[in-house]
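Me: Got a model open here and want to walk through it with you. Can we start with the strands and then look inside?

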Amino acid sequence: MVQSTAASVIEKDVRIAASRETVLAFLTDAAKIAEWLAPDVQAEAEPGGVLRCNFNGFDIARGEFLDVQPPSRVAFTWGWETLGGQSPPGSTRVDIALEPDGEGTHVRLSHRGLAEGEVASHAEGWETLLAGLEQRASGEDMLAPSLALSRGEALASRLNTLLIELRYAVEGCDGAAWLARCPAEGWTTGVTADHVLSHAEAIVSLRGIALGQASPLETVTAEGLDAQNAERSARAAGVTREDILGALRSDGAQAVSAVRAMPDAELATVRTFQRAGAAEATIEQVMQYVLATMADHVESVKAAAH
């Protein structure tokens, strides 16, 4: 494999012992992409069609197809669903040219638009991934990517996705949308976004309960929770987009890490929760409930933001 990096451009060059038509299928068909790139793939191989590659429940690349010219060319955008500073979805461009080379195919890949600090990691990543493409497209056996998550990782992945959705909704808000009322909650978009963060805080508290720490979550009643929500919404009346985005980068990321580290034994811990009518429930069951209500609030923010 030949490779080079210049400024924010990655270029790679590899020969595959397969026809261009065969290689193209491994670049456009979701099931075949999942054999070498990522275990969970959405791919609509036409201009404007989505390309979403879930590597492990947390590292998720998303973009859209820009150009598909069978059997010679594929182009798509690329970026990351993230709470951090990586290139966001659709912000960079990947071009792949397929040239005939005897009975095989000469694959030329270029990746443009990356920030300087991301070039090295992406260059290494493409080297590994293209080696997998070469192996699979040429008919060799290889261990397909797997998305086997523990119970804690599955919960953390869901939490991570919801917080990322909130991030992009908040970033897309103009002044009017930020002050708009979310019909389901009756709060402004900003206050509702802050309320979503309170759910992430509750999930961290549930981890503490599993570790034997006392928490008001066990003793608060439905009426008490309503009062807490009203008090917090009043305090959050002046919350800014920057406040929410900063909290997502710090508190949100910490919440994801906390849940991701939870072993099954912690999730199976049983406690009595007054909010549920003094009923017993496992920590995992309560987390699932918190995530479900959190998802409803995120949808409200997304609706108000657009």
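Me: In the hairpin of strand 4 and strand 5, which residue takes a positive phi?
Reply: Glycine 57, with phi near 90 degrees. That hairpin has five residues between the strands. Bear in mind that this is a predicted model.

Me: How many bridges do strand 4 and strand 5 share, and in which sense do they pair?
Reply: Five bridges, antiparallel. Strand 5 covers residues 60-69. One of the pairs is asparagine 54 with isoleucine 60 of strand 5.

Me: What about strand 5 and strand 6?
Reply: Also a pairing: four bridges, in the antiparallel sense. Strand 6 is residues 73-78. Aspartate 67 has alanine 75 in strand 6 as its bridge partner.

Me: How many residues are in the hairpin that joins them?
Reply: Three residues link strand 5 to strand 6 there.

Me: And what stands opposite alanine 61?
Reply: Tryptophan 80, in strand 7. Strand 7 spans residues 80-81 and runs antiparallel to strand 5, with two bridges between them.

Me: OK, switching to the inside. How many cavities of 30 Å³ or more?
Reply: One. The largest cavity has a volume of about 80 Å³.

Me: Which elements give two or more residues to its lining?
Reply: Helix 1 (20-28) and strand 4 (50-54). The lining includes Phe26 and Leu27, Leu51 and Cys53, and also Trp36, Phe65 and Trp126.

Me: How does the lining split by class?
Reply: Eleven nonpolar residues, no polar and no charged ones. Ile33, Leu37, Phe76 and Ile96 are among the lining residues too.

Conventions: Residues numbered from 1 in each chain as written. Predicted model: local features only at pLDDT ≥ 70, side-chain atom pairs only at ≥ 80, totals over all residues. Heavy atoms only, no water. 1 Å grid on protein atoms, 1.4 Å probe; cavity = no way out; pocket = protein on both sides within 12 Å on 5 of 7 lines; lining within 4 Å. Points joined across faces, edges and corners; volume = space filled by probe spheres on them. Nonpolar A, V, L, I, M, F, W, Y, C, P; charged D, E, K, R; others polar. Pairing = 2+ DSSP bridges.
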